[in-house]
Amino acid sequence: MATQQTQLLARTLLTPAVALLFIWMIVPLALTIYFATLHYNLLDPGSESFVGLENFRYFLTDPAFLASLQNTLVLVGSVLAITIILGVPLALLLDQQVVGLSIVRLMVIAPFFVMPTVSALVWKNLLMHPVSGLFAWIAHLFGLPAIDWFNDAPLFSVILIISWQWLPFATLILLTALQSLDEEQKEAAEMDGASAISTFIYITLPHLARPITVVILIETIFLLTVFAEIFVTTGGGPGLQTTNIAFLIYSQALIQYDVGSASAGGLVAVVLANIVAFFLVRIVGRNLEA
Amino acid sequence: MARMVTTRHKVISTAAAWLVGFLIFFPILWMVLASFKTELEAFAIPPSFLFFHWTTENYVTVQERSDYFHHALNSIIIAGGSTLIAMLIAIPAAWSMAFSPTKRTKDVLLWMLSTKMMPPVGVLVPIYLIFRSVGLLDTRTGLIFILCLGNLPIVVWMLFTYFKEIPKDILEAARMDGATIGRELIYVLTPMAVPGLASTLLLNLILAWNEAFWTLNLSTLEAAPLTVFIASYSSPEGLFWAKLSAASTLAIAPILVLGWFSQRQLVRGLTFGAVK
């Protein structure tokens, strides 16, 4: 029974958070839109002028944009594929009776808590260095030539590092979902003579459909704006080979100081993220009612 | 558990799980080992796994040469400060939405969630320019402010999902007994909300500690937290592996411990309650 007084109180309590988030969302976004219509370079102060959609034309037709869009899609798609294809069997494995499960789970989850700059640099140097890295030594043991990871397959190297960071996330969520699966349902299936494979296909997999969707959407939101891992390993190179959209905008803004073009790029990134966000918000919203 | 699990099955899955767990954890283990080697040994081929000359000199050098604790302190202040402020703003908001929901509550929650989906790079330019013109670049205040706003939606959401699970009957009973809203908050709600508050605090400390977009772009030296400090080791080649490893081990150790305690909340917090 909400009286007018409690309603007023409730609104007062809610206001600071809503107001702050509103300002946080609207002010920078409005400025980004405004800057995107200007010719505005920090190296050339005082020359700001209105250019309409010129920056968008420039940004969208820039070959660097297409390259970075492609890199972004490849990166997001590959990391998603790797973390889910490995995450499902890993979660199934951890759902079995395992001696010392809590320790195993700690080891599996650990990479997620490592700060991005640390994981990127440890992988790049200690593991993937073409001469002194551990991978090079292992390749040598098998009589194979060492791979110069960041020169021969730069994007793949970045993908490998990021997949290592996100595999724990996917696994943990899928494991949590598996543990909520009704054990009796599986038992009933087994008693009816269902094989392990058909139990998996007809009971476990459908149960995992929703958590997998959630993993895909949340990972996509974070992966669309991967930055630190590229910043400390390749700096977007060689050439544009590891430049994603986030890194391209960063380099236009803070290396070339081209505010107008970077803002136009920023808006493109916002639109891309919103397409994903639209679906995620719907799934979460549906859950809110249940 | 009524299901029969054969011993053979258990042995196989245990072995497989430990092997996979070890492989996933290995890069971290390898880093910790390297932090106790001399630079020459860290770089040596073939690598030595355990039988090397154990030394702690890297930990000493990291502090002496680069003032590690200055950056660690920055990390503590920035992560702690932004999390605390976010909690202070979020607790009343989440409380209000959980206990006095209106028709618009769901929309407000989803709208808050959608602000989290805005890619930070989309607003990098204006934030950078605003910070530059008001002198917030490379200050802890600026970073606290940005990280607080960035994490606010997650904090509100997590608190909301916890508060919603507190049975409302108890509040009604307290009200019947004549408790004011203030007393209700302090004596009834707070004790029941502590676990939720603690895990929200924990998860957001972790997220703020590891944040590496705004910290890299908005700080250089004075306010630089550990993420930025570690990034300074990315300069090309050089025999810095042991020191990089020592600095990295120190940087991730506290958060790894906190993180291990908050595994379950992690799922809940990062999926906005969509998977429990």
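Reader: Why is B:Ser48 called exposed?

Author: This is a predicted model, and the label comes from a count. B:Ser48 has 12 C-beta neighbours inside 10 Å. The cut-off for exposed is 12 or fewer, so with 12 neighbours B:Ser48 counts as exposed.

Reader: And where in chain B does B:Ser48 sit?

Author: In the loop between helix H2 (39-43) and helix H3 (57-66) of chain B. B:Ala34 is 14 residues away from B:Ser48 in sequence, with 9.5 Å between their C-alpha atoms.

Reader: What makes a residue part of the contact between chain A and chain B, and how many residues does each chain give?

Author: The test is a pair of C-beta atoms within 7 Å. The contact takes in 86 residues of chain A and 86 residues of chain B. On chain A's side, helix H1 (residues 4-36) gives the largest share, 18 residues. Sorted by class, that side of chain A has 70 nonpolar, 15 polar and 1 charged residues.

Reader: Which residues of chain A does UniProt list as "transmembrane region", and what is the helix content of residues 12-36?

Author: The unreviewed entry gives several spans, among them 12-36 and 73-94 of chain A. Residues 12-36 of chain A are 100% helix and 0% strand, with end C-alpha atoms 36 Å apart. Residues 73-94 of chain A are also 100% helix and 0% strand, and there the ends are 31 Å apart.

How values were computed
Residues are numbered from 1 along each chain as its sequence is written. Chains are lettered from A and ligands numbered from 1 in the order in which they are written. This is a predicted model: local features need pLDDT of at least 70, side-chain atom pairs count only at pLDDT 80 or more; totals for chains, interfaces and linings use all residues. Helices (H or I, at least four residues) and strands (E, at least two) are DSSP runs, numbered from the N terminus. A residue is buried if 20 or more other C-beta atoms lie within 10 Å of its own, exposed if 12 or fewer, and partly exposed in between; C-beta atoms are placed from the backbone. Two residues are in contact if their C-beta atoms, placed from the backbone, lie within 7 Å. Ala, Val, Leu, Ile, Met, Phe, Trp, Tyr, Cys and Pro count as nonpolar, Asp, Glu, Lys and Arg as charged, and the others, Gly among them, as polar. UniProt positions are given in the numbering used here, feature names are shortened, and annotations may be inferred rather than shown by experiment.
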